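Dear colleague,

Here is the structure I said I would pass on. My notes follow below it.

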Amino acid sequence: MLFTDALVLLSLLIMVFCIARYRQHTNASKGFPLPPGPPGNIISGNIRALAQDEAHRTFARYRKEYGDLVMLQGLGSKILVLNSLEAMNELFDKRANNYSTRPNFVFAGELMGLNQTVTMMPYGQEWRALRKLAHTALSPAQVKKYHGMEEDVAALLCTHLLESPERFSDHVRTSAGSLMIAITYGIPASPMQTSYIIDGERAADFFTRAIDPGRYLCDFLPFLKYAPSWVSFQRQAREGRELLFGVRGVRRRPLEQVKHEMEAGTAPPSLVHTALLSPPNDVSISQFEWRVMMVAGDIFGAGSDTTHATLLAFIMAMALHRDKQLKAQAEIDAIIGNSRLPIIQDRVDLPYVNALLKETMRWQPVTPTGLPRCSVDDDFYGGYYIPKNTTVLPNVWAIAYEPNEKYNPESFLPERFLDETQNIPDPITWAFGFGRRICPGRYLAEDIIFILMASILAVFDIFPPDDGGITQEFKRGLVRAPNPFQCRIVPRPSADLKFVQARAEQSRTQ
Ligand code: HEM
């Protein structure tokens, strides 16, 4: 009897709760429906789709069935996938007040402390202060000052490729990492720099695992964050926090080195050096140093992996498409000749190489579902209701692979960006994100990618491996880089290798 009463009471409570939620929803939604989406599992809904490999492809396919807006739901979360540039521009640029914050990741953000970084911090005053610091180092005027440094690194990359071409992935990673470290901390190529690059890789792996959707249940059931400290995910979060922000952590060590050099009067110019010289009056020195540490760490972290992944995709594309490579080399030979290496100012005179850069970014976007945003208030768009606290993902893969009658999106065709009869969105307008959270490193990234690509093309021929084809597989994670693959990188017969060595020597001694 008692049991039956309890059951009736529970059913009534559930009914009241559902009616209340329904009323709340219909009041807030003003009768507009939620965007459509695929049917899901009764418990986890369909948000597990996020955890799939190559989820961006699945989302792009949903476009045919459901349209530009696709809603995934489950475990109390709502995730809206945007499949068109129009929707991304409308929500992230025009309605920036509502869509400039990031969703809260319980594991990565709260437990590991990543919500104190520029990239994952909620929108607000503190984020603006960090972003301002990033801008001082990465504005268009400022990045011009790094051209010489980038050209030096490109020359060094060529000599490393001459010595051990099979280690091309390591060499490209070192080039990207050393540039970021030199810009942020002023630390030149040295064993110390190498140790920071290795630390940076460990941190990046940790970061990727931490925000892998579906890996940590506490991201869907936030009350689990109060689990005791011996529970496995709590231990992992502590480890991550220590690795990133601890006294010997990857963000702390280079900062302390710059401070030490500043005391000794030997610190070379760098973002950290410049920032520490003029602390603002409105925060304590320790809070300011914390901010500088966050910005420097983000620039190093966000800049290294993305440029490395783009360069690897470029090398893969060149090995697969010899004809495109030859066209780009012919352009470089005609404009630059072989008595010098390319410089960044050559970019305006190399339209085909530029188109190659754009096509690489389109063919394999390194952040195919962008970085998530979160709606602050209820909103309405395209006849649909977008409730507040919805996670919003710009699936830029859908833009990259938009059907085109003349140029098959699956094919690698730089020509698509030189054809004025086509209105193909330039990847520069979507690959770096949108609105107030747009990538602050975009100008630097373009320069680095261009100079490394152009220098490799000027000096080397890239072929598939002798013993077979190229495996076109990609890592899962926030940054989508090719899995290790093989190819043959050999000096071009026309390349003046003595000159390349001399140019690299000049870089070493500067
Ligand atoms: C191929 C190279 C790169 C790509 C494709 C890329 C892409 C992106 C994307 C899609 C975002 C998210 C923007 C949004 O939410 O709308 C982002 C954010 C960010 N990027 Fe990049 N990025 C690249 C290189 C760099 C470089 C070189 C740096 C630093 C030197 C950098 C620093 C950052 C930072 C700090 C953020 C966080 C911005 C914020 O949340 O306010 N990125 N990037």
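S178 is buried, because 24 other C-beta atoms lie within 10 Å (buried means 20 or more other C-beta atoms within 10 Å of the residue's own, exposed 12 or fewer, partly exposed in between, with C-beta atoms placed from the backbone). This is a predicted model, in which local features need pLDDT of at least 70 and side-chain atom pairs count only at pLDDT 80 or more, while totals for chains, interfaces and linings use all residues. Residues are numbered from 1 along each chain as its sequence is written.

S178 sits in helix α9 (helices are DSSP runs of H or I, at least four residues, numbered from the N terminus). Leaving out residues up to four places away in sequence, S178 touches V153, A189, Q193 and I197 (contact means C-beta atoms, placed from the backbone, within 7 Å).

Helix α9 (residues 168-185) also packs against α14: their axes come within 9 Å and cross at roughly 150° (axes are lines fitted to C-alpha atoms over the stretch in contact, and angles run from 0 to 180 degrees between N-to-C directions). The two helices are therefore roughly antiparallel (over 145 degrees). Among the contact residues are M180 and I181 of α9 and G303 and H308 of α14.

As for the ligand, 27 residues surround it, the closest being A302, G303, G433, C439 and G441 (C-beta atom, placed from the backbone, within 6 Å). Helix α14 (285-320) is one of the elements that supply at least two residues of this shell, and α14 gives the most, with 7 residues.

Regards

Technical notes
Parallel < 35°, antiparallel > 145°, perpendicular 65-115°, else oblique. Contact = placed C-beta atoms within 7 Å.
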